[in-house]
Amino acid sequence: MFLPVTLQLLEGFWESLKIFGLTLAFALPLGLLISFGSMSRFAPLKWLLRGIIWVIRGTPLMLQLMVIFYGPGLLFGLPAMPRFTATIVAFSINYACYFSEIYRGGIESISKGQYEAGQVLGMTKPQIFFKVVLLQVVKRIMAPMSNEIITLVKDTSLARVISVYEIIWAGESFIKKGMLWPLFYTGAFYLVFSGILTVLFAKAEKKLSYFRS
Amino acid sequence: MTVLEVKNIKKDFGKTKVLKDVSFSLEEGQVLAIIGSSGSGKTTLLRCLNFLEKPDSGEIIVRGKHLLTEGCTEEQIRENRLHFGLVFQNFNLFPQYTALKNVTLAPTLLKKGTPQQLETQGKQLLTQVGLQDKMDSYPYQLSGGQQQRVAIARALALQPEILCFDEPTSALDPELTGEVLRVIRNLKTGGNTMIVVTHEMEFAKSVADVVIYMTDGVIEEIGTPEQVFDNPQSEKTRAFLRGVQEGF
Ligand SMILES: Nc1ncnc2c1ncn2[C@@H]1O[C@H](COP(=O)(O)OP(=O)(O)O)[C@@H](O)[C@H]1O
Ligand SMILES: [Mg+2]
């Protein structure tokens, strides 16, 4: 029984990984845009984004999934998005908001002197950001980002509230056949994957330890 | 030849008038020392010269060229800045780069030469400030005095016409100030035009051609070191110098 169960769970886990990978691909850059906006000197944009961040971080992701999947239909009579698309949209917005706050904390923690040193040396704003500030920010946000990304691995299981197939669902489907252990077995997949991520993040942190700031 | 003319610079921060009508000029190769108690506007003056602050009114003229024009674009501000260099009180080195890369980064980004030329220049500058053994060290591996010398080399790499120092030794342990002051003294010998804000009175006295005593956003007294230190005209200057003597 072990091999077919493992294969079935792997199939479910592949769906989980797709949610994970696509969410990261969208949320990492989107978060940077949101963080720039939330630090903007243009007050309406800044407060709009901070309001959105407050709502997204203040409500459960599970609820956001349902709102994005059912909301457009209920409110405006629009056809619903495919379930998987809705999942990626909800996850990307949710994680982008969390990431943006981490980015903002990192960017704001860089001393004004670093920008001014760049300025008096005649650098442009993009040069200062990319050549002076960015790597220092990356170093500082490494730990909170790795936490958040490992949380995302486990959060992918929430997608099933709008009936998106993933590994927990795959595990649960064995209960009908009188098998409980595959459900518990799913935990091993999460553990292995988050273990791999932990090692990768530790490596990245080590790589950035050549300087101090 | 007059390198710099500063005319009637005024700067407010909200209600506080930080610079009230500051004017002076500087000849090629001269060293100007600015002394004065904390809060008198010395840093703000240097920041205006380096376009980190925008004066409310006044003129900054370098070799006859007016730099403070209405509606300056960012591009122009960046060009204006390059007439000046600024060495900060707390160094502000880039922590992720070696000493050499700190020196070569800006000229590389500004395309001031080929990578080989700039590397050669960077090594030469670090040697000039006595750091030939520390080219590949990261800032955290250097003492404060060494970091400040890297910062000086970094500023020199863009060959500014006027190099400004904002209390370059006041973040240093006393035993490390000498090495930095020596570098500044050598720069004078090399003919660099400099403005040094400092609390080191002996240094100001021996290295400066002109000394300004600032108080409360105005130039209270200006003259040669002999005039300002040995024969001050203003009662405020006398009181400040007495205070400094008692303080040390
Ligand atoms: N960005 C700022 N905003 C408001 N006040 C400032 C700012 N920068 C300086 N000041 C004020 O201007 C005055 C002069 O400051 P500064 O130029 O730093 O003096 P100094 O370098 O002579 O100690 C101080 O009263 C200081 O509080
Ligand atoms: Mg100051």
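The legends below describe close-up views of a predicted model.

**View 1. Chain A is built from helices.**
Chain A has eight helices and zero strands. Read along the sequence, the pattern is α-α-α-α-α-α-α-α. The C-alpha atoms of chain A fill a box of roughly 70 × 50 × 20 Å along the principal axes.

**View 2. A salt bridge links distant parts of chain A.**
Arg160(A) pairs with Glu172(A) in a salt bridge. Their closest N and O atoms are 2.5 Å apart. Arg160(A) sits in the loop between helix 6 and helix 7 of chain A. Glu172(A) belongs to helix 7 itself, which covers residues 167-172. The two partners are 12 residues apart in the chain. Over all chains, the count comes to 19 salt bridges.

**View 3. Chain A and chain B meet at an interface.**
Chain A brings 22 residues to the contact, and chain B brings 25 residues. The area buried between the two chains is about 2200 Å². Carbon and sulfur atoms give 63% of that area. Polar links cross the interface as well: nine residue pairs are in polar contact, with both partners at pLDDT 80 or more.

Which helices of chain A each supply at least two residues to the side that touches chain B? They are helix 5 (112-120) and helix 6 (125-155). Helix 5 of chain A gives the most, with eight residues. Sorted by class, this side of chain A has eight nonpolar, nine polar and five charged residues.

**View 4. Salt bridges join chain A to chain B.**
The count between chain A and chain B is two salt bridges. One of the two is shown here, between the side chains of Lys125(A) and Glu74(B). The N to O distance in this pair is 3.4 Å. Lys125(A) lies on the chain A side of the pair, and Glu74(B) on the chain B side.

**View 5. Residues of chain B surround ligand 1.**
The shell around ligand 1 includes Phe13(B) and Val18(B). Also in the shell is a run from Ser37(B) through Ser38(B), Gly39(B), Ser40(B), Gly41(B), Lys42(B) and Thr43(B) to Thr44(B). By class, the shell has two nonpolar, seven polar and one charged residues. Which element gives the largest share of this shell? Helix 1 of chain B (residues 42-49) does, with three residues.

**View 6. Oxygen atoms of ligand 1 lie beside N or O atoms of chain B.**
Gly39(B) uses its backbone: a backbone N or O atom lies 2.6 Å from an oxygen atom of ligand 1. Thr43(B) uses its side chain, where an N or O atom is 2.6 Å from an oxygen atom of the ligand. Thr44(B) also takes part through its side chain, with an N or O atom 2.5 Å from a ligand oxygen. How much of ligand 1 does the protein bury? Taken alone, ligand 1 exposes 560 Å², and the protein buries 58% of that.

Methods:
Residues numbered from 1 in each chain as written. Chains lettered and ligands numbered in written order. Heavy atoms only, no water. Contact = heavy atoms within 4.5 Å. Buried area = accessible area lost by both parts, 1.4 Å probe. Salt bridge = Lys/Arg side-chain N within 4 Å of Asp/Glu carboxyl O. Polar contact = N/O pair within 3.5 Å; in protein donor to acceptor, adjacent residues only side chain to side chain. Helix = DSSP H or I, 4+ residues; strand = E, 2+ residues; numbered from the N terminus. Nonpolar A, V, L, I, M, F, W, Y, C, P; charged D, E, K, R; others polar. Near = heavy atom within 4 Å. Areas by Shrake-Rupley, 256 points an atom, 1.4 Å probe, with all protein chains shown as cover.
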